[in-house]
Structure formats: structure tokens, C-alpha cells
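Trainee: Could we go through this one together? I would like to start with the ligand and then move on to the domains.

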Amino acid sequence: MIELRDLTRIYDGVAAVDHVSLTVERGQIATLVGASGSGKTTLLRMINRLVEPSSGQVQIEGRDTASMPVHQLRRRIGYAIQGVGLFPHQSVAENIATVPRLLGWSNAQILDRVDELLSLFQLDPATFRDRRPGQLSGGQTQRVGVARALAARPDLLLMDEPFGALDSVIRAKAQSDLRDIQSRLGTTMILVTHDIEEAVRLGDRIAVMDRGKVLQYDTPAQVLAHPATPFVRDLIGPSERVYRLLSLTTVAEIAIAGDAYGPAIPRDLTLREALAEIMRSGRDALPLEGGGIVTLAALRARSAR
Ligand code: ADP
Ligand code: MG
């Protein structure tokens, strides 16, 4: 669990990040969304102490990060940024192996881990492990960058606009791959984006930032349904389209086989109503009258179209 308490960073008398408090539960993805200059990068970089807070605290699993040696802290935290900064003269495998090598893993462990990650990111190990970054497409480069950040099994992965440079088709694929990988590895992630739709697709929770402050920190469904301020309402304008789309489809159309606990919902409920029901129940899936279930994952996949 990551806990930010009253976190503040002042530059030249102005708060770039202004008394931010929020908690990210283990195994969840939190997205930070806001316009350029709203303080997202500064907030992210205070978590691995690339930027030192002016005041306030970051706690990881109950420990104040200010009291940890920086190198020890950064080993536990993966960091991936737009443009990734792969080492151009090293192979893909060597790039991914950077932190495990620093940690003194054996060669056998490193080779295993490299192939495991390449497979996980749908890059055939035999084809890709010896390539140089210059021989990769933009989407492949980005995946290698995230694989490198995950190589030493960090407790936490920080990502700063990791998909910013990708075109929209590759970007949608990268987003769904990331969700998939996150659900398999269970890594806690904090991802910065200026794109509200990306924040909604990827976040278990979304923090909406403006001028250093977090205006709202909640589930995507809550932020969309109940924007906390007019600013948040304006920001989510484009996503209302998603919400309207959800109103046009019934749960029967996305039902899958399976069992779920709780009272069954009618088959003709719209996806929007079903989403509200799922949020209310706090469950990942609900049973349908007459059989089958509707899952949060299916609703999310539908809203990502
Ligand atoms: P975002 O990532 O949301 O675009 P940043 O965290 O990069 O925002 O920046 C927030 C504010 O802090 C901006 O006004 C920026 O100019 C200022 N800022 C960021 N880093 C520095 C720095 N090293 N020195 C001075 N001002 C900074
Ligand atoms: Mg930034």
C-alpha cells in the first residue's frame, strides 16, 4: 500500500504539488490525470525521490520513504517514462537485465526472467532478445521499456505518460496489454496521463489534478457519474461519450458463462446501470437472471472500444 500524506513541493514560492493525500491499495492501478503543468510528474517523482518533497510524507507498506536509502527505495520501484530511454548500444535482453544485474542475479535467473518478460509482452524471445533498440517499432520499444521497469519484480511501478508517443491503434493495444499484465503480476502501478480516456480505461482509481491539487480521487465510475467540481466535469467531457455508449447496450449482450455471488440482475439492464450496480455491490461480477454473469472486466472492455 502506498500512502501519500499532505505531499507538497514548492518551486520558486509556488506549489507544483499542493498538499496531496491519497492511498493506492496493493495490486491496484491509480492514474494521475490533468493538464500539462498540473503537477503530475512532480508528484510521481516524489514517490521514488527523484524529487524531494518540500513537506509531507510518502509511506510504502507503512514505512516512511524519507528514512530509506534512496538506492534501496528505487530498487523496489520500477520507473518507465515516455520515450523510454533504452540504451541504444545494448541488446533488448541487456536492457531488460539492467536492474537484475545490479542486484547480482545469476545469469541463469536473468536469462529466464528476460524470456519470461518478452513472452509476457508478446515479443518472441528468440526473435527479439538480441535486437538493438533501433531495430524495434515504437510499440515494441515501449513494451521493452515497461518490461525493463518490471524486470526485478518491483513492488511498485511508476509510469509517466508511457504511451504518449504511440499512435492511437497501438496505444489501445498497449493499454489492454498493460491491464492484462498487471492483473497477472499483481504489481501496484501509478500511471500519469493527460488523456482522461486512458485514465478511465486503466485506473482502478483516478486522481484528477489541477494546479498541484488533487480535485477528486475515486473510481472511474464515480468520477464519471459524480464529477467533484466543474473542472472535473469539463475534463471528462469526452468520456461522457463512453457513458452514453454504455447506455445503448444491455447486459445480456456481454454476458458470459459462470457463477457469481449475490442477487441476480435483469438481463435487460443497460451496461451503464449494470456498472452502477457493480460499483454499489463492490463485487467484480454479478449474476444475471436466467443464468450467466456480467463482469467488471467485460464492462471495462466495452467502454474501451
Ligand atoms: P505535469 O507533469 O502535470 O505537466 P509538472 O509536475 O512537470 O507537471 O510541473 C508542475 C509545475 O511545476 C509546472 O508549473 C512546472 O513548471 C513546475 N516545475 C516542475 N519542475 C520544476 C523544476 N525543476 N524547477 C522549477 N519548476 C518546476
Ligand atoms: Mg509531466
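**Ligand and domains**

Mentor: Ligand 1 is surrounded by Tyr11, Ala16, Ala35, Ser36, Gly37, Ser38, Gly39, Lys40, Thr41 and Thr42. Please keep in mind that this is a predicted model.

Trainee: Okay, and which backbone atoms lie by an oxygen atom of ligand 1?

Mentor: A backbone N or O atom of Gly37 lies 2.7 Å from an oxygen atom of the ligand, and a polar backbone atom of Gly39 is 3.0 Å from an oxygen atom of ligand 1.

Trainee: What about the side chain of Thr42, how far is its N or O atom from an oxygen atom of ligand 1?

Mentor: That distance is 2.5 Å, between an N or O atom in the Thr42 side chain and an oxygen atom of ligand 1. As for burial, ligand 1 taken alone exposes 560 Å², and the protein buries 55% of that.

Trainee: Switching topic, how is the protein divided into domains?

Mentor: There are two entries to remember, domain 1 covering 2-237 and domain 2 covering 249-304. Where they make contact, domain 1 contributes 6 residues and domain 2 contributes 4 residues, while the C-alpha centres of the two domains lie 30 Å apart.

Trainee: How much area is buried between domain 1 and domain 2?

Mentor: About 480 Å² is buried between domain 1 and domain 2, with carbon and sulfur atoms giving 59% of this area. On the domain 1 side, Arg179, Arg201 and Ala221 supply 65% of the area buried against domain 2, which is more than any other three residues supply.

Trainee: And how many salt bridges are found across that interface?

Mentor: The rule finds 1 salt bridge across the interface of domain 1 and domain 2. Arg300 forms a salt bridge with Asp204, and the closest N and O atoms of that pair are 3.8 Å apart.

Trainee: How many residue pairs are in polar contact there, then?

Mentor: The count between domain 1 and domain 2 is 1 residue pair in polar contact, with both residues at pLDDT 80 or more. The side of domain 1 that touches domain 2 divides into 1 nonpolar, 2 polar and 3 charged residues.

Methods. Residues numbered from 1 in each chain as written. Chains lettered and ligands numbered in written order. Predicted model: local features only at pLDDT ≥ 70, side-chain atom pairs only at ≥ 80, totals over all residues. Heavy atoms only, no water. Domains from an automatic or database assignment. Contact = heavy atoms within 4.5 Å. Buried area = accessible area lost by both parts, 1.4 Å probe. Salt bridge = Lys/Arg side-chain N within 4 Å of Asp/Glu carboxyl O. Polar contact = N/O pair within 3.5 Å; in protein donor to acceptor, adjacent residues only side chain to side chain. Nonpolar A, V, L, I, M, F, W, Y, C, P; charged D, E, K, R; others polar. Near = heavy atom within 4 Å. Areas by Shrake-Rupley, 256 points an atom, 1.4 Å probe, with all protein chains shown as cover.
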